[in-house]
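Open the structure in your viewer and keep the selection tool at hand. This tour goes from one selection to the next.

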Amino acid sequence: MALLQIDAMTHYFGGLRAVYNYELEIEPGQIRGLIGPNGAGKTTIFNLITGIYRPTEGKIFLEGKELNGLSPHEIASLGIGRTFQNMLLWRHMTVLEHVKMARYSKLTYGLTGAFFGTARRHREEAESEAKAHHLLKMMGVDKFADQIVLNLPYGAQRRVEMARALAMDPKVLFLDEPTAGMNPEELVQMMEIIRQIHGELKLAIFLIEHRMKVVMELCERIQTLVFGEVIAEGTPEDIQNNSKVIDAYLGKEAVE
Amino acid sequence: MEVTSDRLATDRRSMIGYIRVFISEVPLLGWLLGALTAVALEFFIGTPLARVLGMSRAPMLFGFVIMLKKPMLIPSAVLYFLLIYFLPLSLIARLSASAMNRLAAKLLEFPLIVSVLIHLGLFYAVLHWWSEMSLYRADVLRFTLIAVLLTLSLNVINGYMGEFSCSHPGFMALGAYAASVFTVVLFADDKLYGAALLPQWLGFFFFPIALIVGGLVASIGALAVAIPSFRTRGDYLAIISLAFMFIVKSLIENLEIVGGPRGLGDQPGWANRPVVFITVVLGIWIINNFVRSTLGKALNAVRDNEMAADAMTVNTRRTKITAFLFAAFWAGVAGGLYAHALRYVNPATFGIQKLAEVLAMVYFGGLNSVYGSIVGACGISLLGEMLRPLELFKWIIIPLLLILVMIFRPTGLIAFKEFDAKKLVQPKRKPDGEI
């Protein structure tokens with residue numbers, strides 16, 4: 001079985017069919033892309049897999065373990081890390097605290113440690129701090145470690161969010177439009193970072209993107225989603241030349 | 001003309017600069033030593049000095065009450081304040097600064113706990129001498145300390161977790177009554193419960209258990225609020241917790257077994273100054289430990305964005321419920337202390353008035369901050385006492401002050417500041433040379 005496998009997932013919001021019969025298989029170390037016009041249901045698919053919504057039908061498996069019915073934090077601690085399209089950061093917390101927070105499920109000191117400051121707590125907190133600094137360095141934002149995250153420039157905030165998702169030691173990393181709102185220079189840097197974490201941490205990455213350049217250069221396989229249904233799947237070249245994809249993006253000329 | 005005003009401005013600036021340098025160079029140890037001198041001075045020569053200055057006795061709360069009652073005595077009250085507090089404090093702090101810096105640095109070579117205990121000991125000595133002057137001061141001190149614990153425990157919910165809870169007087173009532181029933185049944189001869197079951201002298205050692213029982217009962221009450229209201233976010237908690245507060249109050253009013261509306265008395269007076277001080281310090285230490293750990297920081301994550309917290313493996317529901325029960329526990333402990341400090345509890349105490357008072361302390365002092373809770377609780381309690389002679393106007397001035405704070409510092413005076421004992425006790429400047 002694949003690392004992450006989704007069988008015939010369908011989801012309704014009331015009477016609206018948001019996702020229909022969605023299938024996915026991600027192998028370890030693979031980079032997969034999901035593209036589609038606005039409102040196609042890409043983020044809904046992320047939210048369904050990470051447990052924010054529960055799929056109406058269909059099964060989701062991570063390493064053969066069924067994820068249906070688990071709560072978001074359980075799914076996350078099983079190994080699905082994610083970033084958000086609109087960067088859900090914690091406005092009063094520092095950069096370091098952000099990254100340390102994602103180690104939450106790895107901490108074993110419990111309430112006794114939290115209340116009385118035991119030696120075990122100090123050791124575990126120090127370990128997660130070291131790990132956090134390591135990731136921040138990797139993302140090139142270590143110099144901001146003690147700053148409140150909202151004071152950082154936009155690109156740096158994106159990297160902090162990515163460092164945070166990596167701190168939980170995910171097996172699959174979900175990136176929801178990692179280059180949204182970036183200028184071409186930042187975009188190239190971000191692609192470099194994604195390649196780097198893929199290379200160093202041997203992660204599987206599942207990415208939603210609008211910019212064709214990013215998906216085409218990074219992904220091994222791409223799915224195109226329109227109105228909740230996958231209309232095309234294949235390598236970047238296949239997708240680029242697929243007439244259905246071109247129609248969905250550019251519209252078909254009306255020929256009567 | 002230009003030149004003179006210019007020079008005046010520079011003078012003033014250098015004056016402020018001088019004061020700033022002066023303050024920044026004195027370590028906490030120096031301030032404590034200065035304060036100790038001041039209160040010792042007051043203890044020994046305060047009353048004679050006050051008589052010389054034309055006052056019948058030493059002013060109890062820094063002269064405020066006297067100034068408001070008899071405006072004619074304002075100069076003597078100010079002079080008294082300068083002579084007894086201001087001069088000794090600033091002189092000793094200034095003169096001892098370099099020695100104290102060296103001492104503070106030396107102390108930090110031992111484990112941190114040594115340094116902290118010495119500071120706490122000095123601080124306690126200051127409070128001790130200050131409150132030995134009169135019974136009134138001793139009471140103000142004890143109830144202010146209890147208010148600090150109560151405020152901090154509410155800050156865990158309203159500040160750190162960002163929910164709005166109104167049930168703290170209810171938790172305090174549960175703690176007060178549970179601890180009282182425990183001690184009165186076991187250790188006091190009482191009309192309601194008959195003769196004591198255990199000898200009195202044993203009781204003092206049982207007092208921590210009584211406080212813990214009070215805290216646990218409050219926590220169980222909190223569970224009844226937490227389970228229905230933490231399913232979703234929003235205003236549910238505010239409404240359910242407000243209802244809970246009224247339910248607790250009318251429950252106690254209707255329970256004849258705990259005295260009903262007449263209240264419950266005869267508690268042994270075990271909540272004396274050192275016991276209250278130690279309990280409150282212990283409470284602050286544990287709460288501060290908790291909110292600085294990642295488990296406690298999870299509260300901030302839940303407050304700022306719950307969805308992101310969930311996606312980062314934080315068990316949000318458990319985090320919220322734990323923090324709520326934890327806060328209720330300390331409110332219960334504060335209630336137990338309160339009952340044994342006053343030696344009488346009455347359900348009417350734990351009503352909407354108490355709620356307004358605690359909320360004011362939390363929001364005045366500052367959200368998400370231990371310093372804020374200390375400042376808020378001390379500020380509001382002392383202001384309440386100082387402005388007592390103004391009677392009705394007190395209830396205009398304090399709310400007005402609150403409004404001003406909300407306008408200029410919407411999150412309170414000292415918000416979002418971490419309380420780090422090590423930073424507090426460390427020397428303020430590198431010692432000039434080794435001794």
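Keep in mind throughout that the model is predicted.

**Stop 1: chain B as a whole**

Select chain B and colour it by secondary structure. It holds 17 helices and two strands. Along the principal axes, its C-alpha atoms fill a box of roughly 70 × 60 × 50 Å. How does the radius of gyration of chain B agree with that of a compact globule? A compact globule of 435 residues would have a value near 22 Å, and chain B has 24 Å, which agrees. Of the 435 residues in chain B, 44% count as buried. Now look at its contacts. Take those between residues at least 6 apart in sequence: 77% of them join residues at least 24 apart.

**Stop 2: the cores**

In soluble globular proteins, nonpolar side chains tend to be buried together. Go to the largest nonpolar core, which has 163 residues. Select Ala163(A), Ile146(B), Tyr177(B), Met312(B), Ala327(B) and Ala334(B), the residues with the most contacts inside this core. Next, highlight helix H13 of chain B, residues 316-342. Helix H13 of chain B gives the most to this core, with 16 residues.

Zoom in on Ala334(B). Which residues does Ala334(B) contact, leaving aside its neighbours within four places in sequence? They are Ile146(B), Leu149(B), Leu150(B), Ser153(B), Met172(B) and Gly175(B). Another core, of 28 residues, lies apart from the largest one.

**Stop 3: where chain A meets chain B**

Show both chains. The contact takes 31 residues from chain A and 25 residues from chain B. On the chain A side, pick out helices H2 (72-78), H3 (95-101), H4 (110-116) and H5 (119-139); each supplies at least two residues. Colour that side by residue type: 16 residues are nonpolar, seven polar and eight charged.

**Stop 4**

Select Asn21(A), in strand E2 (residues 16-26) of chain A. Its phi is near 50°, a positive value in a residue other than glycine. Asn21(A) is partly exposed, because 14 other C-beta atoms lie within 10 Å.

Finish at Glu391(B). This residue sits in the loop between helix H15 (370-386) and helix H16 (394-408) of chain B. Glu391(B) is not a glycine, yet its phi is positive, about 50°. Is Glu391(B) buried or exposed? It is exposed, because 8 other C-beta atoms lie within 10 Å.

Conventions
Residues numbered from 1 in each chain as written. Chains lettered and ligands numbered in written order. Predicted model: local features only at pLDDT ≥ 70, side-chain atom pairs only at ≥ 80, totals over all residues. Contact = placed C-beta atoms within 7 Å. Helix = DSSP H or I, 4+ residues; strand = E, 2+ residues; numbered from the N terminus. Nonpolar A, V, L, I, M, F, W, Y, C, P; charged D, E, K, R; others polar. Buried ≥ 20, exposed ≤ 12 C-beta atoms within 10 Å, placed from the backbone. Rg over C-alpha atoms; globule rule 2.2 N^0.38 Å. Core = buried A, V, L, I, M, F, W, Y, C linked by C-beta atoms within 7 Å.
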